[in-house]
Amino acid sequence: MVVNGQRLEKEQKVYYILYKPKGTLSTVTDDKDRSTVMDYLPKGERIYPVGRLDYDTSGLLLATNDGSFTNAMIHPKYHLPKTYEVNIEGMLDEEAIRKIRKGFSYDGEKFAPAKIIVKNKDYTRGRMQLILIIYEGKNHQVKKMMEAFGCKVRKLHRSRFGHLDLEGMKPGEYKKLKSYDVKKLLAAASENSGD
């Protein structure tokens, strides 16, 4: 298409998977000059992170320039599973685990049912390691869920997003998503939306 004698190029849609290192912000810029995920992604492309991971959380983060893809990945109605490895201070009892699996309310906020697997219990130090699979993407969700049961998150790592994982990747590395993966994520989102 040509406008005022200038040819307008249609922006090519791009999709990346990034292994976000701990200690980086999930934003495009930071006014305090802290490290952001953009420091690790390709330069010269107008891309942005899909959703966010907290500053002190590591793991799988998507980046794109496709607004409708972003919406399908982060809108609560799409229920894409997000898997976290969680290291907590404090012990979850059977009742807490049952509540997490059934869904519960805390501090005026509702949390949908989640899958939880206890990997390790360290009674001497009062710590646990968990795998938590959530289907929402609320702000500080895992931290709030643990706080509801008197536990504090010591370490948080998102190991999977939908069917994607970080196998073979190191913190700070990114790779382009294959079109197959983009289609699979979009199909899963539309399947889970209940529309």
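These legends go with close-up views of a predicted model.

**View 1. Helix α1 packs against helix α4.** Look for α1 at residues 67-74 and α4 at residues 179-192. Their axes sit 9 Å apart, and the angle between them is about 50 degrees. As for handedness, α1 makes a left-handed crossing with α4.

**View 2. Side by side: the residues where α1 and α4 touch.** From α1 come F69, A72 and M73. On the α4 end, they meet V182, L185, L186 and A189. Sort this contact by class and you get 7 nonpolar residues, with no polar and no charged ones.

**View 3. Now for the largest pocket, with about 370 Å³ of space.** It's lined by 27 residues, and the closest to its centre are R52, Y84, G137, K138 and R158. The elements giving two or more residues to the lining are α1, β6 (82-89), α3 (141-147) and β11 (152-161).

Notes. Residues are numbered from 1 along each chain as its sequence is written. This is a predicted model: local features need pLDDT of at least 70, side-chain atom pairs count only at pLDDT 80 or more; totals for chains, interfaces and linings use all residues. Side-chain values use heavy atoms; hydrogens and water are left out. Axes are lines fitted to C-alpha atoms, for helices over the stretch in contact, and angles run from 0 to 180 degrees between N-to-C directions. Helices (H or I, at least four residues) and strands (E, at least two) are DSSP runs, numbered from the N terminus. A crossing is left-handed if the near helix is turned anticlockwise from the far one by less than a right angle, and right-handed if clockwise. Contact means heavy atoms within 4.5 Å. Ala, Val, Leu, Ile, Met, Phe, Trp, Tyr, Cys and Pro count as nonpolar, Asp, Glu, Lys and Arg as charged, and the others, Gly among them, as polar. On a 1 Å grid over the protein atoms alone, a cavity is a set of points where a 1.4 Å probe fits but cannot get out, and a pocket is an open set with protein on both sides within 12 Å along at least five of seven lines; lining residues have an atom within 4 Å of a point. Grid points are joined across faces, edges and corners, and a volume is the space filled by probe spheres set on the points.
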